[in-house]
Structures are given as C-alpha cells and as structure tokens.
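Colleague: I would like to learn how to read a helix and a salt bridge in a structure. Could you take me through some cases?

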Amino acid sequence: MKRIIKNVAVLGSGVMGSRIACHFAGIGVQVLLLDIAPKELSSAEQSKGLTLDHPSVKNRIVNDALSTALKSNPSPVYTKEVPKKIKTGNFTDNMKDIAGCDWVIEVVVERLDIKQSVLSEVDKFRKPGTLITSNTSGIPIQMMTEGRSEDFKKHFCGTHFFNPPRYLRLLEIIPAKDTDTEVVDFLMHYGDLYLGKTTVLCKDTPAFIANRIGVFGIMYIFQLIEKLGFTIDEIEALTGPVFGRPKSATFRTADVVGIDTLVKVAKGVYDNCTKDEARDSFVIPAWLDKIVANNWLGDKTGQGFFKKTKAAGGASEILVLNLTSMEYEARKKPKFATIETAKPIEDIPTRVKALIAGKDKAGEFYRQFNYGLFSYISHRIPEISDEVYRIDDAMKAGFGWEIGAFETWDVLGVEKTVKAMQEAGFAIAPWVLEMIAKGITSFYKVDQGRKLCYSPQAGTYLSTVGESASNAFIVMKNFAGQTVWKNSAANVYHLGDDVLGLEWNTKMGTIGGEVLDGIQKAITIAEEKYKGVVIANDSQNFSAGANVGMIFMFAVEQEYDELDMAIRAFQNTMMRARYSSIPVVVAPHALSLGGACELSLHSDKVMPAAETYIGLVELGVGLIPGGGGTKEFTLRAADEMHEDEPDTITLKNRFLTIATAKVSTSAFEAFDLGILRKGHDEVIMNQDRRIAAAKSAVIELFDNGYTQPVPRTDIRVAGRSVLGALYAGINGMQKANYATEHDALVARKLAYVMCGGDLSEPALVSEQYLLDLEREAFLSLCGEKKTLERIQSVLKGGKPVRN
C-alpha cells in the first residue's frame, strides 16, 4: 500500500517525546503531542481557583514539557515557525484523536507495564492500518505486543531515536516477529528520506545495536583503566577527536547520558545475554557502584566523573574525579608521544594507523582497546545483525564515530590484525577466519563508486544500500578510480552520467589558491565535455571559508599586490561559477562559512543538508565578505526592493545580516537570511543523499536547456541618502557601546559598498563595479592593526577578540 504521513501522534512529552514531536513538525508534519493529566494542582493553579478538570491544568504537563524543549540549546526546531504544527493534549481527553493520525509513536517511561497500558489504549482508538511504534532503548519489542490485536501486531515496530533526535542521525528499526515486512521497509525508507536518519535494521536483542556495542566499549575501557593504570583525563585525551570520536570522548559522554543509565544498560546486557562471550565486561566495577550510590550521576545531578565549581576568583572550573581517592581534583593535560606524532595527520584512517602503531603507553591502550572491540563485534554477527555494515552505521550515526569499527579493522589490515589479536590472546569469530581463508581480506570494497560490504551469510560482497536506492547515495572518495584531475588539495571525479564532482581535502575545508584552481579546472573540463559540476565533500564540515592564514601572512608582510591578486582570484572564481556555460550545483553541509557561503551564493542551485550552518562571517575578524558576498547581497537586495519602498528595509536587513555575521542554525533558516532562494534552492533532509540529489539537479538543469547567464549591469544602488542613514545607525551603536570603534569602521566600509559608494543619487551599476568596491574595502581593512589582531586570535584557535 502507498503510505502518506500527514499526521503523527507522539504519546509522552518527556525529553525524547517532545523533541521527537519537534523533529516531525520540522519536516512539515502535523503533530499531536499527548501526555498524562496532572493528579494534583500546582500552587499557582490553586491560587487561580482552577480545578483538575480545567483544560490548562489537564495539559500542564505536556505544555510545560514542550516549552522546556523549545527553550533548550541546541534548539530542537529548524525555525521559529515549527512549533505551530504541534497540537498538545492529554491521554484522558485526546487519546481518541489518534484515530486521525497515520502514525502513533509511544515515548512514555521505560517500563514495560506502563508501555503496555498505553499501547492497550492505542489499540482501542487507532484506525486499522495505522503505524504504531515504540521509542525504547532496550525493552524487548515482542513483549510489548502481548494481548494486542492482529492488525496492531502487523503494524507495530520499535523505532529507537537517539537524543537529541534532531542532531543524532541514528534511527534503529526493530521489528517484532509479527511485524509486516511492508511496515519495516516503509519505516526504513521514511526515516532515511524524510527524517534524514541513518536507519539501521536491528534484531530484537538486548540494547539493540548501538547501545550494545557502545556500552561494551565504555565498560571495556573501564577495565583497561585499571589494567593499564590510566587516569580519566588520559582516557579522555585518547578517546576523543584524535581517534575520530566526539569531543565528549568516554567519561564526558557517560556524564551527559547519565551514569545510572549507563549502569542500567550494562546490567541489562549482563542479565539477559548469558551466552555473550564477553559478558564479564558488563560487570559493574566497585568504584562505579560507589559513584552511583553517591548519586554522582553526571549532568542530571551536577556532578559525575566531572564537577563544575567556582574557583577562588569566581571563574568556573571543571574538576575531574580521581577514581582511586574518590576525590575531585584539578584537571591535568596529559601528553603522549603517540598522540603528538599522529595529531598533525588530517586523514582519519591514516591517523588511526599511526595511533595503533604507537610504541608508548598510548599505543598499547589503542591496541588493547581495538583488539577487544574487534573481537566483540565479530561475535555479534549474526546475533544482533546479519550485516556487518549495520554495526558501523549505528556507531557512526548514534555515537558520533567518524570511522566504524569494521572500517578501522580494514584500515589496519584484517589478516595482519587477526594474527596480532591471536598472539595477544583475543578470540576471533569463525566467520572472519573463514572469510580470510577464502582469500577475502577486507570487510569493505568499492566497485564503480558503490560501497560493498562482505556478507557472512552470502559469503561474498553485497551493496550496503538496497537496489532501489543504489543511485541515491554518492560518496565522493568512492570515485577515486574515476579521477579526471587533481592537485594536492582538490580532486575532480567523474560521478557518472556525464557529471563531474569536485571536493577538496584541506584543514576545515578552507579555500585557498589550490582549491580555487580546482573549481576553475572542474568548470573548464565540464564545459568541454560534461553536463555540469557538483561541488561537495564528505568531511565533517563543508568549509570554514577562505584561508585566513594566507590573508594574515600577506597582510603582515605588507604584500598588498599579492593580496590584491588573491582577492581577485577568489572573486573571479565565484563569477566563473555563476557565469559558466554549464550548471554548477553546490551541496554544502555542517559549517559552510565565509567563502563557502559566497560559493553557494554564486552557484546555479544549492542543495544543502538540513543541518547546514551557513553565513557570511567575515565581520567577525574585522573584514567584509570579499569574494563576491557583499556584491551578491547588494544585488539580491536590489532585486527584492520596490521603487516605492521608502526606507529600503530590504537593503538594511541584508546589511545587518552581514554586519552581525549571522549564521543560520539550519538550512531552513538560511532562507530567512536571504542566503538560500525560496522556490529555487532545495534542502535535503538526509546529508548522505545530498550529493546524489545535486547530481540529479545538474542533469535536470542541463537537459532542460541550461543557458549561460549574462553578467548584470542593472543593479540599482541607493547611494548617499541611504548611506547616510546607515552611518547614523552605526554611530548610534558605537555610542551605545554595542560596537567598538573598529566594529564601526568595518560596518561603515560595508555600508559604503552596499550603497554603491558615495553616489549623489540612486544609480544602476554593474556587478564588476560592486566587486571593485568590495575588493578595495577588503584590502584597506587588511591594513588595520585591529583586524590583524582578530585574525591572529582565530588562527590560534580562539574567538575573534573584541577590539
């Protein structure tokens, strides 16, 4: 059957329920959010003379929960309009309303009896064929179906969202034995395409996949910390970003999740997985029992492995727990030769190899930890999953790993690592040995741009995505075998169907001379014999913008001719992207700042991931956008203004967007900032789909008769009258101490460019005229001492100084 999800009911408005409701509303679905009605009046309600039957009392719990969620940071919604799609109610009055919903999601407290009670009510009121799912982190899905109708059982499934649902991309889909295959397929597809999730099919086993592996990893580290004699600070340094893991590393992650939650999951696995060969790893250490007994549960109780206090001078200080003395003490920054050697390596797989080859205590930790992890995951096939890649997908999407465990094993060499593990006394699951015996020595391989994974069941490689979705996912590096051109920073690939793909591999995706060469070369090659170009990458961020280090070097050495050439090259490349004879589509994600935003502004179409944080941030370092960004905002303001617009509010709004260095908190908000074009640019919910979507857009633009645009010479600029008004506003901000003297200087330069200079009256100008003004202003600011101080502060890893 064809399912269309228009209305979703979320039952339970706690931390997860309210945020799941926000995420569904964020994609445009109407949401009914319900919770229990209070049993007692609050003091405020009593003072107003309200009764338990009053609507505001009955909906107090759900309304307060939603309000708390909307105030949380990071925000659970893409824009301020999202909450309008959420209607609240209570189980007593509004359970009947789920009859009008296409999907009912139960998100009540993690107790089987309570879940069964709520689901019993759902069975009474739902219409036949409605999807029913439970958001649980470990309660057996099958047990929830006991006593339910046949139609309920066919349409019931586990859907385990990870917190916070908007940002953590994992959605585990756990069928019960009676769940209809069509329901499972629909949830896998809907979660991927509409909710933007990495959907992972799980078996109904304790803790499913991500928590089973993730909690094992943490508990195994707890063993190693005693065995190898490490401190918490040392483990945090070893298991954070340097190893491709989140900043929260190990112990900070436990504090955020809740140490009691961690212990509960570990005990659940120990009690219910009696055949787990590493079951003893889930035994709670005495020191961890003591921490729970002390109610040091992490963020929820104000202290756990870490504790935030006020130092003598009043400043905040983070203390760390000494697991031997059980006392909090000042943090110490550990140093390991292995980390110092590996840290400069940008490529994660190469860095991981260097870390595990380390000869010091850190290297020994990495070997012990990874050998234990490899042993564990090999024995979980087929217990928790028949497919190898699902374990890697779950850990990357749910725990923020940049590289999966089986992927890491591949990097180290499967056969070589197996021998080292056997010598060190670690057991390997028989299927891995059988795989090696067949002459197959890696879990993954790439074939014509498609990622394949070894299947222990089939005894051969299979695609990691279904046949119907094989063209929906493109990873640039998988096309390395189809490289058309490259330099040390950029690569141009043939993505198939006569479309080129350009990516670059600089630190934080910064855009320097070689990247600009790559953009120019990709467009030139495409103009000769291809349909167009997709510009994107698969890194953590799209790009932090132009290479400010290069700007700083030229400015400090007063190489202004070199700096002028560099700015011209940037501007010319942006204009090349705009005025080429083939379509150029940019597919940004995550941080897309400064020059990366300017590239997007000049593309034929932008296909950003929903989680794209894009903006012109140059004012933060004492500059104005100099790669065409100021020009483009001026052009768009002119196109949006009406001749009878008295106060040129559009221009002022765009001026303020640049002047305050606004960055969108989502791709959706970028429309409101005027960076993305409504009805033209398109948000892609699933980050992994955006490159394929951008490729399709290139083909569509080309096949529909793409015509090279003509540079604009008809841009209406306001001149002196509006410039004076902007100057007055800037002076007012400075006098009120909202802007420093240098802030005001930069803002005046920006205003001058956006008004077309000191013209006596409004006039029509060309793009090149504005680019020249933009470049001149940028160059003049590079000579300012305070601008250089701000840039230097950023280069040292800090925030721009306010000077």
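**Reading a helix and its salt bridges**

Modeller: Please keep in mind that this is a predicted model. Let us begin with helix H4, whose buried residues pack against helix H1 (15-26), strand E2 (30-35) and strand E3 (86-90).

Colleague: Which residues of H4 are buried, and why do they line one face of the helix?

Modeller: A residue counts as buried under 20% relative accessible area, and in H4 this applies to Val 62, Leu 66 and Ala 69. Seen down the axis of H4, the buried residues fall within an arc of 60°, so they line one face of the helix. On the other side of H4, Thr 68 and Lys 71 are exposed.

Colleague: How should I read a salt bridge, and how many does a search of the whole structure find?

Modeller: The general idea is a side-chain nitrogen of Lys or Arg within 4 Å of a carboxyl oxygen of Asp or Glu, and the search of the whole structure finds 48 salt bridges. One of them joins Arg 578 to Glu 632, with the closest N and O atoms 3.2 Å apart. Arg 578 lies in helix H24 (residues 560-578) and Glu 632 in helix H26 (residues 629-640), so the pair ties together parts that are 54 residues apart in sequence.

Colleague: Are Arg 578 and Glu 632 buried or exposed?

Modeller: Both Arg 578 and Glu 632 are buried. In another salt bridge, between Lys 332 and Glu 329, Lys 332 counts as exposed at 56% relative accessibility, while Glu 329, at 30%, counts as partly exposed.

Definitions and conventions:
Residues numbered from 1 in each chain as written. Predicted model: local features only at pLDDT ≥ 70, side-chain atom pairs only at ≥ 80, totals over all residues. Heavy atoms only, no water. Buried < 20%, exposed > 50% of the residue type's maximum accessible area, 1.4 Å probe, protein only. Helix = DSSP H or I, 4+ residues; strand = E, 2+ residues; numbered from the N terminus. Arc of directions from axis to C-beta. Contact = heavy atoms within 4.5 Å.
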